[in-house]
Amino acid sequence: MVKLLIFDMDGTLIDTDEVLFQTWKELFLLYKPKDYVIDREFVRGFSGPPVEESIARAFPEKDPKFILNEYR
């Protein structure tokens, strides 16, 4: 018999919102103009949709595969 205990970590035991915000912030600092204003509400909208969609929305001028690799 296999016994399994599953934890829902994200939002239950660990809040990953800040980690994700910092990840996006790093991408913006690297690949947006220096005067780009990082908006937490804009970034919060990336929680839910597939990351590929969020990348296309945030970096329409960049190669999405490159940005996805940087994100990872």
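This is a predicted model: local features need pLDDT of at least 70, side-chain atom pairs count only at pLDDT 80 or more; totals for chains, interfaces and linings use all residues.
Residues are numbered from 1 along each chain as its sequence is written, and side-chain values use heavy atoms, leaving out hydrogens and water.

**View 1. Helix α1 from end to end.** Helices here are DSSP runs (H or I, at least four residues), numbered from the N terminus. Helix α1 has 15 residues (17–31), and its end C-alpha atoms are 21 Å apart, which agrees with the 21 Å it should span at 1.5 Å a residue. The expected span is 1.5 Å times one less than the number of residues.

View 2. Look for Phe21, Trp24, Leu27, Phe28 and Tyr31, which are buried (under 20% relative accessible area; exposed is over 50% and partly exposed in between, with a 1.4 Å probe and protein chains only). They cover an arc of only 125° around the axis, so they sit on the same side of α1; the arc is that of the directions from the helix axis to the C-beta atoms. Exposed Val19 and Leu30 are on the face turned away from the buried side. The cover over the buried residues includes α2 (40–44), α3 (51–58) and α4 (64–71).

**View 3. Lys32 in its loop.** Lys32 is placed in the loop between α1 and α2, and its 13% relative accessibility makes it count as buried. Neighbours within four places in sequence aside, Lys32 is in contact (heavy atoms within 4.5 Å) with Leu27, Ala58, Phe59 and Glu61.

View 4. The whole structure holds 7 aromatic pairs (ring centres of Phe, Tyr and the six-membered ring of Trp within 6.5 Å; planes under 30 degrees apart are stacked, over 60 edge-to-face, the rest tilted). Trp24 and Phe28 form a tilted pair, 6.1 Å centre to centre with 35° between the planes. Tyr31 and Phe66 pair edge-to-face, at 5.4 Å and 85°. Tyr31 lies in α1 and Phe66 in α4, so this pair ties together parts 35 residues apart in sequence.

Conventions
Helices (H or I, at least four residues) and strands (E, at least two) are DSSP runs, numbered from the N terminus.
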